[in-house]
Amino acid sequence: DYAFGFDLQPNQYDIVSTGSEIEVHVKKPQLVAQPAVHDLRYQVLSGGVLTDEKTAVIELYAQAAREAQTRGEAMASDPAVMALSEKKLLDFLRDFLLKQPDVKVVPHIKIIYTN
């Protein structure tokens with residue numbers, strides 16, 4: 001399982017009003033948590049004195065976690081992941097702004113990626 005999102009800590013984004021729309025200047029989405037690795041299927045072919053099944057399974061999960069981290073970092077720049085992350089941020093911002101007192105209409109919100 002992968003969790004992607006934007007770094008919205010102070011000084012990591014800017015909000016700019018252009019008159020007709022709102023621009024959010026933010027870095028591209030990134031992994032916001034360690035990928036979760038679970039439900040691996042495995043079979044220990046030789047058990048006994050020389051093979052410790054628990055150690056082998058722990059190493060299997062550790063290796064899968066390392067591979068998931070590498071894959072997740074690459075997936076963060078995938079256009080589909082970026083589009084979904086952007087949609088979730090825009091939905092959150094629209095909902096938040098509409099809940100503010102005296103706000104009737106939220107202008108168009110545009111995401112601008114920075115370095």
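Guide: Two residues are in contact when heavy atoms of theirs lie within 4.5 Å. The model discussed here is predicted.

Visitor: With which residues is F6 in contact, leaving aside its neighbours within four places in sequence?

Guide: By that cut-off, F6 is in contact with V26, K27, K28, P29, S85, E86, L89 and Y113. F6 itself is found in the loop between β1 and β2.

Visitor: Why is F6 called buried?

Guide: Buried means under 20% relative accessible area. F6 has a relative accessible area of 13%, so F6 is buried.

Visitor: What makes up the largest nonpolar core?

Guide: This core has 10 residues in all: F6, I22, V24, V26, L89, L90, L93, V106, I109 and I111. At least two of its residues come from each of β3, α2 (79-98) and β5 (108-114). In soluble globular proteins, nonpolar side chains tend to be buried together.

Visitor: Why is I15 called exposed?

Guide: Exposed means over 50% relative accessible area. The value for I15 is 55%, and therefore I15 counts as exposed. I15 is found in strand β2 (residues 13-17). With L8 and Y13, I15 forms a nonpolar patch on the surface, and together the three have about 270 Å² of accessible area.

Visitor: How do you know that E21 has no salt bridge?

Guide: A salt bridge requires a side-chain nitrogen of Lys or Arg within 4 Å of a carboxyl oxygen of Asp or Glu. For E21, the nearest side chain of opposite charge is K110, at 4.3 Å. E21 lies in strand β3 (residues 21-27). Leaving aside its neighbours within four places in sequence, E21 is in contact with V16, P107, H108 and K110.

Visitor: What is noted about the phi of N11, and why is N11 called exposed?

Guide: N11 has a positive phi of about 70° although it is not a glycine. N11 lies in the loop between β1 (4-5) and β2. Its relative accessible area is 77%, and exposed means over 50%, so N11 is exposed.

Visitor: Where does D102 lie, and how do you know that D102 is exposed?

Guide: D102 lies in the loop between α2 and β5. Its relative accessible area of 74% is set against the cut-off of over 50%, and therefore D102 is exposed. The phi of D102, a residue other than glycine, is positive, near 65°.

Methods. Residues are numbered from 1 along each chain as its sequence is written. This is a predicted model: local features need pLDDT of at least 70, side-chain atom pairs count only at pLDDT 80 or more; totals for chains, interfaces and linings use all residues. Side-chain values use heavy atoms; hydrogens and water are left out. Helices (H or I, at least four residues) and strands (E, at least two) are DSSP runs, numbered from the N terminus. Buried means under 20% relative accessible area, exposed over 50%, partly exposed in between (1.4 Å probe, protein chains only). Lys and Arg count as positive and Asp and Glu as negative; His and the chain ends are not counted. Patches are made of residues with over 30% relative accessible area and no salt bridge: like charges are joined within 9 Å, nonpolar side chains (Val, Leu, Ile, Met, Phe, Trp, Tyr) within 5 Å. Accessible areas come from the Shrake-Rupley method with a 1.4 Å probe; for residues, only the protein chains shown count as cover. A nonpolar core is a set of buried Ala, Val, Leu, Ile, Met, Phe, Trp, Tyr and Cys residues joined through side-chain atoms within 4.5 Å.
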